[in-house]
Amino acid sequence: MIGRCPNCGIKLKEPPFSERETSEVLITLKYREMVENNIKIFSIEEKGYCEICNAQPDELEAQILNVKDKL
């Protein structure tokens with residue numbers, strides 16, 4: 001299992017979740033479709049959300065802060 005989004009790197013099984021896709025199968029299929037069809041995948045900073053898992057930049061930041069708090 002991948003455990004992370006291949007585009008933005010957010011951990012799929014860690015909160016916050018909100019409207020983010022967490023199914024590794026669906027994420028893998030969407031990523032694979034975009035790569036195979038040579039569709040440009042924009043970064044989370046460029047689009048304001050992840051095109052693969054729908055994560056928002058604030059969700060990624062909250063997850064990073066949560067990990068730092070645990071250390």
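Arg32 is exposed, and Glu36 is exposed as well, where exposed stands for over 50% relative accessible area, buried for under 20%, and partly exposed for the range in between (1.4 Å probe, protein chains only). The side chains of Arg32 and Glu36 meet in a salt bridge, with 2.8 Å from N to O; the term covers a side-chain nitrogen of Lys or Arg within 4 Å of a carboxyl oxygen of Asp or Glu. Both residues belong to helix α1 and stand four residues apart, about one turn of the helix.

The structure is a predicted model, in which local features need pLDDT of at least 70 and side-chain atom pairs count only at pLDDT 80 or more, while totals for chains, interfaces and linings use all residues. Residues are numbered from 1 along each chain as its sequence is written, and side-chain values use heavy atoms, with hydrogens and water left out.

The pLDDT, the predictor's confidence in each residue from 0 to 100, averages 91 over the chain, and 93% of the residues score at least 70. Among the elements, α1 has the highest mean pLDDT (96), and helix α3 (residues 57-70) has the lowest (84).

The chain holds three helices and zero strands, in the order α-α-α from the N terminus on. Helices (H or I, at least four residues) and strands (E, at least two) are DSSP runs, numbered from the N terminus. The C-alpha trace spans about 40 × 25 × 20 Å along its principal axes. A compact globule with 71 residues would have a radius of gyration near 11 Å, and the 12 Å of the chain agrees with this; the radius is taken over C-alpha atoms, and the globule rule is 2.2 Å times the number of residues to the power 0.38. Buried residues make up 24% of the 71 residues.

Two salt bridges are present in the structure. Glu51 is buried because its relative accessible area is 12%, whereas Lys47 counts as partly exposed at 35%.

Helix α1 (residues 24-36) also includes Leu26. Together with Val25 and Leu29, Leu26 makes a nonpolar surface patch of about 290 Å². Leu26 has 46% relative accessibility, so it counts as partly exposed. Patches are made of residues with over 30% relative accessible area and no salt bridge, with like charges joined within 9 Å and nonpolar side chains (Val, Leu, Ile, Met, Phe, Trp, Tyr) within 5 Å.

The cysteines come next. A search of the whole structure finds zero disulfides, a disulfide being a pair of cysteine sulfur atoms within 2.5 Å. For Cys5, the nearest cysteine sulfur is that of Cys50, 3.5 Å away. For Cys53, the nearest is again that of Cys50, at 3.8 Å. Cys5 is buried, with 3% relative accessibility, and Cys53 is buried at 0%.

Some backbone details complete the picture. A cis peptide bond, with omega about 5 degrees, joins Pro15 and Pro16, and Pro16 is found in the segment before α1. Ser18 lies in the segment before α1 too, and has a positive phi of about 35 degrees although it is not a glycine. With 58% relative accessibility, Ser18 counts as exposed. Asn38, in the loop between α1 and α2 (44-47), also has a positive phi, near 55 degrees. Asn38 is exposed, at 72% relative accessible area.

Terms used: Accessible areas come from the Shrake-Rupley method with a 1.4 Å probe; for residues, only the protein chains shown count as cover.
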